Amino acid sequence: MRMRAAVLYEIGKPLVVEEVELDPPQAGEVLVKLKATGVCHSDVHYYTGDLERTPPVILGHEGAGVVEAVGQGVTRVAPGDHVIMTFLPSCGKCHWCHVGEPNLCDLGAHLRTGKMLDGTARLHRAADGQDIGNLLFCSTYAEYSVTPEASVLKVPDYLPLERLCLLGCGFTTGFGAATNAAQLRPGETVTIIGAGGLGLAAVQGARLQGAGKIIVVDVHEEKLAMAKKFGATHTIQYRRNVDEVVKEVMDITWGLGTDYSMEFVGADQTDETIPMAYGAARKGGTILMVGVGKQSKKTMKLDPVMFSMWRKRLQGVLFGDSQFLTDIPRFIQLYEQGQIDLDGMVTQEYGLDDINTCFDNVLAGNKVARQVIRF
Ligand code: CXF
Ligand code: ZN
């Protein structure tokens, strides 16, 4: 079938919105008609080349829509179901899915190929049939997506897909960092570095856990104001002086530092943000690394001796350490009850033709929590 999609042909060059050929779903695959997709900073990292992917590729990995058709053997969903798509599939069969860590599902090994699980492509250029790569089995900057059933989750059909889509990546990652990875206890303290979509979701998670102090650091005043709205108790504007931030955290926490610190910035900022996270964490505290960095950057600056001297712990977090099939329904429940605010996370809404504007907004940095594209 033919559909409109935004194709990345060259790193750093505007995406081209054009007609693309999409093959029908094969065995174990699902055809989703997209209703909405969030614009995640990771998509922009692929566009700038911070995250590496060979073009042509269709980006986008935070989609929600309605199942239009299913391939042979699909049991998780049926035509007409409302679904969200997630950037990490969970097969429900491998070792990791069985031990309760589906964010480590073995299907993750196929995510970088740009092909489907059988090694072939479903996306092709309309002009000459050339294969176009998929992104994380999602490629949601398109009117339709063919994806493995392992990458979709059925959701209630009466809630807005243009909000639930945020649960496919960013919100779940940030909220899960606070509620699954840190499991903050009432009164515990946290420093959140980066007040984008992930950091703001972490603020919401920390607030719901009953955190005592929620200290948010960002360069942009506008984002710090949003953080306050979601429950930050203190904000610190970062003016390129790490020690100054650490000192402020110490002042706020009676000289202790916070029980947890969370790094959400990633990219090429880690020489500043990781030492900041390290310094802000209390003795014996935990530093959660959530933001994804520039793929070519293989080292980070930390004083190794001080890890044992201060007994700090450095911990990676993937997709908010969420079990997406069971955690996302819990988050949807909280959204329905008004305990988490997805609506407030959406700062702009656009159409697919505006995708390059969305990317420019992300790169400008100051006015965006989450942008949503509606189809
Ligand atoms: C990222 C993590 C690194 C690979 C691409 C997706 N997560 C969410 O944006
Ligand atoms: Zn993402």
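**Entry 1**

I began with Leu318, which is partly exposed at a relative accessible area of 33%, and I note at once that the model I am reading is a predicted one. I then looked up where Leu318 sits, and found it in the loop that runs between strand S16 (313-316) and helix H10 (324-336). Together with Trp96, Val99 and Leu104, Leu318 makes a nonpolar surface patch of about 300 Å².

**Entry 1: Helix H7**

Which residues of helix H7 are buried? Going through residues 242-252, I listed Val242, Val245, Val246, Val249 and Ile252 as buried. Looking down the axis of H7, I saw that these buried residues fall within an arc of 125°, so they line one face of the helix. On the other side of H7 I found Asp243, Lys247 and Asp251, which are exposed. I next asked what covers the buried residues of H7, and the cover includes strand S11 (189-193), strand S12 (213-218), strand S13 (234-237), strand S14 (258-263) and helix H8 (270-280).

I also checked both ends of the helix. At the start of H7, a side-chain oxygen of Asn241 comes to within 3.2 Å of the backbone nitrogen of Asp243, while just after H7 I noted that Trp254 has a positive phi of about 55°.

Is Thr147 buried or exposed? Thr147 belongs to strand S9 (residues 144-148), and because its relative accessibility is 0%, below the 20% limit, I count Thr147 as buried. Setting aside neighbours within four places in sequence, I found Thr147 in contact with Gly28, Glu29, Val30, Val32, Met85, Met116, Phe137 and Val152.

**Entry 2: Backbone details in two other loops**

I looked up Arg311 for its backbone as well, and found a positive phi of about 50° although Arg311 is not a glycine. Arg311 is placed in the loop between helix H9 (304-309) and S16, and at 51% relative accessibility I count Arg311 as exposed.

Last, I turned to the peptide bond from Pro55 to Pro56, which is cis, with omega near 0°. I located Pro56 in the loop between helix H1 (41-48) and strand S4 (57-58).

Key: Residues are numbered from 1 along each chain as its sequence is written. Chains are lettered from A and ligands numbered from 1 in the order in which they are written. This is a predicted model: local features need pLDDT of at least 70, side-chain atom pairs count only at pLDDT 80 or more; totals for chains, interfaces and linings use all residues. Side-chain values use heavy atoms; hydrogens and water are left out. Helices (H or I, at least four residues) and strands (E, at least two) are DSSP runs, numbered from the N terminus. Buried means under 20% relative accessible area, exposed over 50%, partly exposed in between (1.4 Å probe, protein chains only). Contact means heavy atoms within 4.5 Å. Patches are made of residues with over 30% relative accessible area and no salt bridge: like charges are joined within 9 Å, nonpolar side chains (Val, Leu, Ile, Met, Phe, Trp, Tyr) within 5 Å. Accessible areas come from the Shrake-Rupley method with a 1.4 Å probe; for residues, only the protein chains shown count as cover. A salt bridge is a side-chain nitrogen of Lys or Arg within 4 Å of a carboxyl oxygen of Asp or Glu. The arc is that of the directions from the helix axis to the C-beta atoms. A polar contact is a pair of N or O atoms within 3.5 Å; within protein, one must be able to donate a hydrogen and the other to accept it, and residues adjacent in sequence count only if both atoms are side-chain atoms.
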